[in-house]
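Hi,

Here is the structure for you to look over. My notes come after it.

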Protein chains: 2
Amino acid sequence: MATVVSLDQIRAASDRARPYVLRTPLIPIEGAQLKLECLQPTGSFKVRGFFAAALALPPDRLRRGLITVSAGNAAQACAYVAKRLGVSCRVFMYDTAPATKSEGVKRLGGKVIGMPRDELLEWMTTEKWRDEPETFIHGFADRELMAGHGGIGLELLEDVPDLERVVVPVGGGGLVSGVASALKGLRPGIEVIGVQSDGYPLWNRVFESGGPVSIKPQTIADGTTAPFDARMFDLIKECVDRWLTVPEPRLRAAIPELASAAKVVAEGAGALAYAGLDQLSPGPRTVAVVSGGNIDTALLADLLS
Amino acid sequence: MATVVSLDQIRAASDRARPYVLRTPLIPIEGAQLKLECLQPTGSFKVRGFFAAALALPPDRLRRGLITVSAGNAAQACAYVAKRLGVSCRVFMYDTAPATKSEGVKRLGGKVIGMPRDELLEWMTTEKWRDEPETFIHGFADRELMAGHGGIGLELLEDVPDLERVVVPVGGGGLVSGVASALKGLRPGIEVIGVQSDGYPLWNRVFESGGPVSIKPQTIADGTTAPFDARMFDLIKECVDRWLTVPEPRLRAAIPELASAAKVVAEGAGALAYAGLDQLSPGPRTVAVVSGGNIDTALLADLLS
């Protein structure tokens, strides 16, 4: 059974990533604070984990270059990390990924291989990446990567000593596992709340049914549309104390609200935790993680209109 | 003759404001870093100065409440500061101020008095605020307020030890005077570059002609459309080492660029320094100040489309 990532591993991973990532600010809004991971290089928290994982590789494996598979943000983070560390990068992406994400990979010198969703899931399930010359880093299930994301939890405890509640969007589960592992290791009383859209409530359904679930995504939170992965079941179950489901119309409204009230650009997944705040009783000291900001300009314009 | 604000005054002002304002992050972009003052409470740097100025008042003057006159951001900052300090607030604004700014004041419990631009300038010139019961804080020419803005300069020197160039939007001149005073006091070799739009190039014209100038604003940088103020002439002349004028179409393009590349919402004035970067030779370690993010949602949607 998977257990939470150890504090020692999180501290070491965060130390490796620290010179390359932003210590993101917290900004107050009505009733909560927002942790602005959308301000990270490449516009999402994923750089924390990819730096931590890449810098944990033996030098000869790092030199072979990096390869990953991604809904978009892991792809950009992997390309950025590879560029900063001077190695090559290829990423397999859904051919439906937003242009802002695939273009971002190419601008960073990464090579994009687009595939239909079903074909890509098959490629993953059969571990075809073993046939590739580069070193594969999994976009959410890699332990060193999750440890790197755990740096968010360490920063939260430094910045908000009386923290009581953390709200985190859940896709593959790498972010929530990293953050929750850090919090549960240091302050187990803090409630970790996982959020998904009702357009892709994968983990809610998984824990209701007790086993694998497959859903067709119908959400602007494309960053949370990873398929069920059995390796994450126990870990996510242990990490998430409570689940929220955000109706898709509420999520669409949350993006212009964040632009107006907080002056930040959030993508669908990035706005999920904020969008869920109105389902919580007021009172406890709460942080919502704004995980990313890679939204297509046309969609952002549409949501603002 | 006006001289730069002293370091002692800047340090004291920043200390007073610190518990209430954000230590804003720097984020890297191609060739420069952005200082994100748009993330401050009320969405602009102005809270730094208003807290510094209000907290410098004798208690009996503070208790009378605050009054200011503003193109918008100073109004919101004044209302926010008054609310946090438990006193009343009224603001005189152009009746053309963006709704996002006047609504912001009202949400904070401030009272808005809208006036046509000419009437409001007359009200200012004749110092009509002396007839009002509240204590007046000038939105850019107050020395304690400028000292508060100087906190940005102190933070820049802490965060970027090899800083060589700072690019700042210029409206009334309070921001650039505060920032430049801090830099010139500590590291006089750093170049301070002032930026205006070609839709309101007031200070360029002033220094070309050597005296007062009046221009009708035709810019989305509404935050920089303060009229000529003779008190600021010597100070701005001493503070700004070089001027840039940004063509209005370039400024309009800069706002979606900032949303896409940096995940931040900037208003016209807030995007000016970033928009001017392409006029500078690459090389020197450069910071551009993103001064504010209070842009009307409809305009933002239009610029993104």
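Predicted model: local features only at pLDDT ≥ 70, side-chain atom pairs only at ≥ 80, totals over all residues.

Residues are numbered from 1 along each chain as its sequence is written, chains are lettered from A in the order written, and side-chain values use heavy atoms, without hydrogens and water.

Interface. Chain A and chain B bury about 1,700 Å² between them, 70% of it on carbon and sulfur atoms. (Buried area is the accessible area, 1.4 Å probe, that two parts lose on being put together, summed over both.) Leu39(A), Lys263(A) and Leu304(A) supply 37% of what chain A buries against chain B, more than any other three residues. Each chain gives 20 residues to the contact (heavy atoms within 4.5 Å).

Helices. In chain B, the axes of α4 (residues 73–85) and α5 (residues 99–107) come within 8 Å and cross at roughly 15°. That makes α4(B) roughly parallel to α5(B) (angles under 35 degrees). Asn73(B), Ala75(B), Gln76(B) and Ala79(B) of α4(B) touch Thr100(B), Lys101(B), Gly104(B) and Val105(B) of α5(B).

Helix α2 (residues 46–54) of chain B packs on α4(B) at about 45°, with axes 9 Å apart. Among the α2(B) residues that meet α4(B) are Phe50(B) and Phe51(B).

Best wishes

Notes:
Axes fitted to C-alpha atoms, helices over the stretch in contact; angles between N-to-C directions. Helix = DSSP H or I, 4+ residues; strand = E, 2+ residues; numbered from the N terminus. Parallel < 35°, antiparallel > 145°, perpendicular 65-115°, else oblique.
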